[in-house]
Amino acid sequence: MTTSFRLLAAALVASALAAAPTGAQTRQISLVDVAAHDRERVLKAADAFLADPPITITAFKADKSAGGVHDYFSQADYSWPDPAKPDGLPYVNRDGWSNPDTFQDHRRAMVRFARGVGALGAAFKMTGDRKYADAAVAHLRAWFVTPETRMNPSLRFSQAILGSVTGRGVGIIDTIHLIEVAAAIEVLGARGGLAPADAAPIKAWFREYLTWLTTSEYGIDERERGNNHGTCWVMQVAAFARMLGDQATLDDCRTRFKTWLLPNQMFQDGSFPLEMRRTKPYGYALFQLDQLATVAQILSTPRDDLWAFRLPDGRSLRLAVEFMYPFMADKSRWRLPADVMYFDYWPVRHAALVFAGLAYREPKYVNLWKKLPADPVMTEIQRNMPVRYPSLWVE
């Protein structure tokens, strides 16, 4: 780490300490019944989605894809036509600057699917009304079972760079939205909303995708990334493995959290240096915190609590939450440069706040979570917010 970044990190820590509420202040704030707090929002979203027909990636032709109609396709967000080339190829990177002309239809369809099925699953958990379960199952069949509309269980053509590569390992981050689909499947199955005949082929799709994630060249490449990509790989693998009851893979993910994610991604003050060196340090740091917190939420057990895990030098998930909390409560305290795009749209109702608030019995985190926007409309923010319905994840 450079001297300048160390000085910036030190300044951020000092600002964080100055902004932290006192113990007396936090004791006055009560914790939350997540389902009760979110009930109106969840039911409104679920009711709105009831009448929507399933729409999968097969509804959108991706002319620039090297794959077929059932293959998910996206382009690298920060790749732009090379102005020095007549045809613009190969595209060149402009870190942090999202190209609005890239193909987005498959990503939008997946986000819509995840938001809708997440809301339907949460509504079924809250009410027991089978109309929500039946609607969710219809969408699940379309995406994972029906031959004409299903998506192939791999991501070989995601985050392509035109003129360079037809897909990349880093493109695996695009399916982070499926973690809430997996959580909804768990809820439906546990409460009688998903018949065994429907569950079997849906789970078979996820089992095949999980195998691809853990054995393919692209999957291994993503697993070994030292930044948020490596975290999102663990988060997805853990979510799918838990839904499938794959205990061996869950154990592997817990080990990876302890031996790879925290040691390689967190500085001694709780910051994320690889994220905070980017051109969007604030958004990337928030995103990384959310994903690590979700990993802990998925994987923690009474016998192996990742929320309580600490490295020998004191680094822990709690330290990361404590570092970022003041800048979520008051963004004006942020001392690194503002993100080159979308800085004004953060923070939102981050899963890390409610998960950490409940895990650590810290009312200040929950209190802030309640106040932040729950349903951002900006597409860029939506695609970096895979956990929208915490009631699926907590009791």
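Where is the place of Tyr-342 in this structure? Tyr-342 sits in the loop between helix 13 and helix 14. I start there, everyone, as this residue has a positive phi of about 70° although it is not a glycine. Most residues other than glycine have a negative phi, and most peptide bonds are trans. Before I go on, please keep in mind that what we have here is a predicted model.

Let's stay with the backbone for a moment. Pro-347 also belongs to the loop between helix 13 (317-329) and helix 14 (351-360). Look for Pro-90 in the loop that runs between strand 2 (79-80) and strand 3 (92-93).

One more backbone stop: Gln-159, which is not a glycine but has a positive phi of about 60°. You will find Gln-159 in strand 4, residues 157-160. Is Gln-159 buried or exposed? Gln-159 has a relative accessible area of 6%, and since buried means under 20%, it counts as buried.

Now for the charged side chains. How many salt bridges does the structure hold? The count is 27. Let me walk you through a few. Asp-63 and Lys-61 pair up with 3.8 Å from N to O, and both of these residues are exposed. Lys-85 has Asp-82 as a partner, and their closest N and O atoms are also 3.8 Å apart. In that pair, Lys-85 is partly exposed at 36% relative accessible area, while Asp-82, at 15%, counts as buried.

Then we have Asp-313 and Arg-315, whose salt bridge spans 2.9 Å from N to O. Asp-313 is partly exposed, with 43% relative accessibility, whereas Arg-315 is buried at 11%. Elsewhere, salt bridges with shared partners tie Asp-77, Arg-107, Asp-174, Lys-280, Glu-380 and Arg-383 into one network.

And here is a charged residue without a partner. Glu-275 is buried yet has no salt bridge. Why does Arg-278 not count as a partner for Glu-275? Arg-278 is the nearest side chain of opposite charge, but it is 4.9 Å away, and a salt bridge needs the nitrogen within 4 Å of the carboxyl oxygen. Glu-275 lies in helix 11, residues 273-276. Setting aside neighbours within four places in sequence, the contacts of Glu-275 are Asn-227, Asn-228, Pro-281, Tyr-284, Ala-285 and Gln-288.

Let's move to the nonpolar side of things. The largest nonpolar core has 118 residues, and those touching the most other members are Phe-144, Val-181, Phe-206, Phe-240 and Met-324. Take Phe-206 as an example: beyond its neighbours within four places in sequence, its contacts include Phe-144, Val-181 and Phe-240, along with Leu-178, Ile-185, Met-243 and Leu-244. There is also a second, separate core of 5 residues, among them Ala-62, Phe-73, Phe-157 and Ala-160.

The model has 3 cavities of 30 Å³ or more, and the largest cavity holds about 60 Å³ of space. Which residues line the largest cavity? They are Arg-115, Ala-374, Asp-375, Pro-376, Gln-382, Met-385, Arg-388 and Tyr-389.

Notes. Residues are numbered from 1 along each chain as its sequence is written. This is a predicted model: local features need pLDDT of at least 70, side-chain atom pairs count only at pLDDT 80 or more; totals for chains, interfaces and linings use all residues. Side-chain values use heavy atoms; hydrogens and water are left out. Buried means under 20% relative accessible area, exposed over 50%, partly exposed in between (1.4 Å probe, protein chains only). Helices (H or I, at least four residues) and strands (E, at least two) are DSSP runs, numbered from the N terminus. Lys and Arg count as positive and Asp and Glu as negative; His and the chain ends are not counted. Contact means heavy atoms within 4.5 Å. A nonpolar core is a set of buried Ala, Val, Leu, Ile, Met, Phe, Trp, Tyr and Cys residues joined through side-chain atoms within 4.5 Å. On a 1 Å grid over the protein atoms alone, a cavity is a set of points where a 1.4 Å probe fits but cannot get out, and a pocket is an open set with protein on both sides within 12 Å along at least five of seven lines; lining residues have an atom within 4 Å of a point. Grid points are joined across faces, edges and corners, and a volume is the space filled by probe spheres set on the points.
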